[in-house]
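This report describes the nonpolar cores and the strand arrangement of one protein. Please consult the sequence and the model shown below while reading.

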Amino acid sequence: MPKTDLLDIDKINAQLKTKRIGKKVLVFSSTSSTNDIAAEYARNKDNDGMAIFAEEQTKGRGRAGNKWLTGKADSLICSIVLIGCKLNIELLSLTCAVAVADAIDKIGRHHAKIKWPNDILINGKKIAGILLESKTHKGINACVVGIGINCHQNRDSLPPELQQTATSIDIEGKTASDRISLAKRLLTSLDHWLETAEKDSRKAIDQWSRLSIQLGHRVTAVFNRRKFTGNCIGIDPEKGLILQLDNGAVRMFDAAHTSIAK
Ligand code: BTN
């Protein structure tokens, strides 16, 4: 697979017109987890908007304690530092999903969809995941948005257990993806959608609703090891996914403590 698109700070910065996201960019050849590096930088409020990329992670992590494994230079691996973010965690989570789906769409008209809370799908297969982590340091709330987008994987290079459920931009596209263009799109899209959601959360929620694979469908949420099945009727910007349960009750599920049964 092509590895001619090695991440380069100057190339990512070139003509990047963002107001907040990517004002500082770092690129690591190898690191444990970009979310760990971002958490260190998040101790300084001047680093709001910083983007940290890596070609490889030795301890990449996903949601629910899962590992996030990817070959060197195969994926776009990125973490964003947000300090004093005005969005609460549910709205931030759905807005980041909208932004990542938008960036993937723009790179190749892929029609990316969102599987709440943090999966981005193309043709029903996962292409990207988002891991939000937050910490308070000296009274300042900081969030790290970790994003992994599969780019140069082919069907054989995906782990066997993921070959039916995961995909990559190269698998879905007619031509090989360019991670530098995708990095710029990602920063631009996050910059746009975070600002939009801060000004008018309805716009982010409406876009999430257009891209959701679950809205209007039956969903089984797992919360506190209990399963709750019902029709997904919307998303609440503070409380999470809204289900009308089979017993008639309406209940909301927050992203941090809920997973979706397959
Ligand atoms: C998931 O789908 O479970 C979320 C995956 C998030 C992976 C990204 S890659 C960049 C950042 N660093 C990590 O260790 N994880 C996130």
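The sections below treat the sheet, the helix lying across it and the nonpolar cores of this predicted model.

## Sheet architecture

Seven strands form an open sheet with mixed pairing, in the order β1-β2-β3-β7-β6-β5-β4. The edge positions are held by β1 (25-28) and β4 (113-115); each has a single partner strand, so one side of each is left without a neighbour in the sheet. From one strand to the next, the twist averages 20°.

Within this arrangement, strand β5 (residues 119-122) pairs with strand β6 (residues 125-137) in the antiparallel sense, over four bridges. Leu121 stands opposite Lys126 in β6.

## Helix across the sheet

In soluble globular proteins, nonpolar side chains tend to be buried together. In this model the largest nonpolar core contains 63 residues, of which Phe53, Ile120 and Ile149 touch the most other members. Helix α3 (residues 89-108) supplies the largest share of this core, eleven residues. Domain 1 (9-211) and domain 2 (218-260) each contribute at least three residues to this core.

Leaving aside residues up to four places away in sequence, Ile149 touches Ser75, Leu76, Val100, Ile104, Ile127, Ala128, Ile169, Leu182 and Leu186. A second, separate core consists of nine residues, among them Ala38, Ala42, Val81 and Val144.

Notes: Residues numbered from 1 in each chain as written. Predicted model: local features only at pLDDT ≥ 70, side-chain atom pairs only at ≥ 80, totals over all residues. Heavy atoms only, no water. Core = buried A, V, L, I, M, F, W, Y, C linked by side-chain atoms within 4.5 Å. Buried < 20%, exposed > 50% of the residue type's maximum accessible area, 1.4 Å probe, protein only. Helix = DSSP H or I, 4+ residues; strand = E, 2+ residues; numbered from the N terminus. Domains from an automatic or database assignment. Contact = heavy atoms within 4.5 Å. Pairing = 2+ DSSP bridges. Axes fitted to C-alpha atoms, helices over the stretch in contact; angles between N-to-C directions.
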